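Keep the structure open as you go through the points.

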Amino acid sequence: MPPFDERHRGDAEAVRAYRGAMTDERHAFLFVATDGARVSRVERGRDGVPEVEQVWRLEAPDDAPRAFELRFGGAIRPPALAEITEVSPLPPVASSTSLAVDGLRLRLEAPELPASARVAVELDGGTSDGWAPDGGEARLVVGWSRRLEVTIRATLAGEARPVHTGTRAAPRFERRGRLWCDDLGLRVASRHREGLERIARGAVAYVAGCTLLRTGPGEACLLTDHRLLPLSWTRDAYYQALLLLTAGADEPSYLDLVADHLRWLWGRCERPGHLWQRSHRANGEPKDLAYQADQQLFPVLELLDFRQATGAWPAPPPGDPTAEPCRTWGALVDAAWRALPVSPNGLVRTDENPADDPSSLPFALSAQVLAWYVARRLADVAAELGLDSDLLHAARRARVATDREFCARGTHGMQWAYEVDGQGGSRLYADANDVPTALAAAWGFCAADDPVWGATMRFAFDEANPAFRPGPWGGLGSLHTPGTWPLGDAQEWVVASAVGDVDRAERALGRLTGIAASDGLLPEAYDPETGAWTARHWFAWPAALVGALAGAALHG
């Protein structure tokens, strides 16, 4: 893959084109060519090892000599971190890659990073003279007849600091309580069960094996993806953690991973003024210096979900060794809550919306729903955490302010606006990123038959909403990236289930299971006419959300 052209930073179309090019076959670093034999392939990773393994099995009907060819062409480079909405781009890092051959092994070195990669081949049933280098590429030809099995292992590692893969110690926690997603009453027809289970399995495999990155003993970062933006958004990470908490009923070690992530969030992350930034690098440094209201609240909700799921508080980040864990967490939560910018009208302000775009107006509906819910949940454990804030009063204030400031006339009657300025100005819009709005009834912010919420959600899935995309595969998307979004389909599944619209819930599920990849992952967006993926083929958030909902619906 060529480097991203730095002259195109901030050019959304150039970023989308570059991301799309990553999926082009000509940019794969390994190619296999066979000569017409019957071929099967399996792909797997080894737990705790940063390695991908492929096994190719070939069979032929006769003893005629045949050839199996493997071609390599690639380099080790830092990710471009090209974003649709650029805020704080990092300076490019120059790197070079050297290639060395040792029989059936290739070794790549990138000393400026520093990092290395290995491609090792094992043969069963064939012969080869080994890799033949050709400039920065290499070629391996295997002669065989009748039967051949080729095992290919590709490994990437940093050389300056060994990868910390963790241990298989006995889990410290077990799932004891129910999560909010366990009680949504989601509708699932039998024909969609297998597809939902595939999404849930794939999401867990991707999060636990790919986006979860250990950064030190007892702490781990959750990245939004491994390929395009290996950065951490607290919003994306929350839904990945929720997925692991849901899966913790069957695999208790996943609960430990969430505890590790909580320590990274609250300890390793650098938070100017106790505020998380739009995104952070895995070492905790802020990447995009921008404030989003919901990203201050999701870390608190993740902590509360962990407490509810396990009945215990995780060990806090390193600090006072004599303090009780709940009191240490209480001090951290109190500081984060007090740093939240709340206006005199009771609304939480934000600079960017959950799509990472600048807010048109300073107060977003989904942020108020989330703030209300977190305040209510905090109130239940305030005494345990030693909090003295009047959290129930804050929740009531946010709820009253929403009705006072957000009500506006829309295409389906009185509804809540997407954003307001607190002075009578409002914007009617709905976005696939704003999941808390769809969860308002499930969380108790309003009743499922509330006419204002109902009108809000009907508008969301209506062509009057600029983010809605009509078509055979049409649904709710986002102006951030055109197309139907799986996050929008997940919202429709939740909303339709809440109001008892079985047919609509089934249609949303049909789109989700229909566009999911064979490994269960979901894109950022897909074509509303064809269902073809159009944006961000590597993305943890949508599969994690749907996987958590699926786990709750199928096994809760």
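1. Start with exposure. Buried means under 20% relative accessible area, exposed means over 50%, and partly exposed lies in between (1.4 Å probe, protein chains only). At 36%, R268 counts as partly exposed.

2. Know your source. This is a predicted model, where local features need pLDDT of at least 70, side-chain atom pairs count only at pLDDT 80 or more, and totals for chains, interfaces and linings use all residues. Residues are numbered from 1 along each chain as its sequence is written, and side-chain values use heavy atoms, with hydrogens and water left out.

3. Next, the bridges. A salt bridge is a side-chain nitrogen of Lys or Arg within 4 Å of a carboxyl oxygen of Asp or Glu. The count comes to 45 salt bridges.

4. Take R57 and E149. Their closest N and O atoms are 2.9 Å apart. R57 sits in strand β3 (residues 51-59) and E149 in strand β9 (residues 137-158), so the bridge ties together parts 92 residues apart in sequence. Helices (H or I, at least four residues) and strands (E, at least two) are DSSP runs, numbered from the N terminus. R57 is partly exposed, at 36%.

5. Look at R139 and E69. This salt bridge has its closest N and O atoms 2.8 Å apart. It links strand β9, which holds R139, to strand β4 (residues 66-73), which holds E69; the two residues are 70 apart. R139 is partly exposed at 43%, whereas E69 is buried at 16%.

6. Return to R268. Its side chain meets that of E219 in a salt bridge (2.6 Å, N to O). E219 lies in strand β11 (residues 219-222) and R268 in helix α4 (residues 253-268), so parts 49 residues apart in sequence are tied together. E219 is buried, at 10%.
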